[in-house]
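Subject: Structure for you, with pocket notes

Hello,

My notes follow below it.

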Amino acid sequence: MASFKYGFTALVTVLVLLSGTTTSTAQLNPDYYWDSCPDLFYIVHSVVSSAIQAEARMGASLLRLFFHDCFVNGCDGSLLLDDTPSFTGEKTANPNRNSARGFEVVDRIKAALEDACPNVVSCADVLAVAARDSVEILGGPSWDVKLGRRDTRTASLSAANNNIPPPTSNLSALISVYNSKGLSSRDLVALSGAHTIGQSRCTSFRARIYNETNTLETSLAQIRQNNCPRTAGVGDNNLAPLDLQTPNTFDNNYFKNLVNRAGLLHSDQELYLGGSTDSIVREYVQNPGAFSRDFVTAMIKMGDITPLTGSNGEIRRNCRRPN
């Protein structure tokens, strides 16, 4: 009897501990707005589709917003907040300044949702659905987005500067940052595959195309140097596609580029440079289906990073400012 009592007590303790660590994510589910905002998915998809039709690059920009939101104190819509007298927001942090974009598209989505179902859908969830739709519209996989996040009332410039890995990161630093968010090395490689779409600014790859020619395909270096001068401050905002072959199609060419020493960013090529992630890159080259599956898994895991749920946070009426 004593052993049964001890075992039962231990089991209860474990269940309590587990419930404490999973409560917030357990409240997220794809049907969260089924009754309260049944047109949510139609509205988001319609606005995102129109935005991508007008500018294909916008799909990558919206996907990037979700990543940069989730990596800074969780998926809580903090990135969308403008500066206020009480805090400096994240839009001017080093990873976002002059590069984070798509805020006007989020504004249009939110305005349409407020007309259809006022004060119901969070800005954090808008980012999650818009990211999924962007990937799907550009030819990538789709998935059921878990919903029910609420919006934070504040933002942190310092947290944005310290939690988003820069394009100069080496492999060990990338793995460390991702592990700190509950993401594995496989998640790192899969999520990095988002660089199969979108463009990068000269300032993010200048050092690589001039100083890393031993790990960069010669012709690509020459092509990029034509539009990215060596001198800092000159042409900083000139753009280049992260994937030269199919910059507006979500596919596995990004990984083929890495194998061919054609990763545009230093942090990209670090994934295939004789390190622990080489085998994952090769797998995604040979099996695009594996990349798609792992990307979906990683996106869902990323969306679970410390969301605000229940009575925490709020549902912003305007994504740019607290209520």
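Start with helix 8: D187, L188, V189, A190, L191 and S192 are buried there (buried means under 20% relative accessible area, 1.4 Å probe, protein chains only; helices are DSSP runs of H or I, at least four residues, and strands of E, at least two, numbered from the N terminus). Six of the eight residues of helix 8 are buried, so the rest of the structure largely encloses it. The cover over those buried residues includes helix 7, helix 11, helix 13 (278–286) and helix 14.

This is a predicted model, in which local features need pLDDT of at least 70 and side-chain atom pairs count only at pLDDT 80 or more, while totals for chains, interfaces and linings use all residues. Residues are numbered from 1 along each chain as its sequence is written, and side-chain values use heavy atoms, without hydrogens and water.

Now the pockets. The largest pocket holds about 1000 Å³ of space (a pocket is an open set of points on a 1 Å grid over the protein atoms alone, where a 1.4 Å probe fits, with protein on both sides within 12 Å along at least five of seven lines; lining residues have an atom within 4 Å of a point). Its lining has 41 residues, with R64, H68, P165, H195 and L265 nearest the centre. Helix 3 gives the most, six residues. Helix 8 (185–192) is among the elements that supply at least two.

The second largest pocket has a volume of about 190 Å³. It is lined by 14 residues; L220, L244, Q245, N257 and A262 lie nearest its centre. Helix 10 (218–225) and helix 11 (253–259) each give two or more.

Best wishes

Definitions and conventions: Points joined across faces, edges and corners; volume = space filled by probe spheres on them. Buried < 20%, exposed > 50% of the residue type's maximum accessible area, 1.4 Å probe, protein only. Contact = heavy atoms within 4.5 Å.
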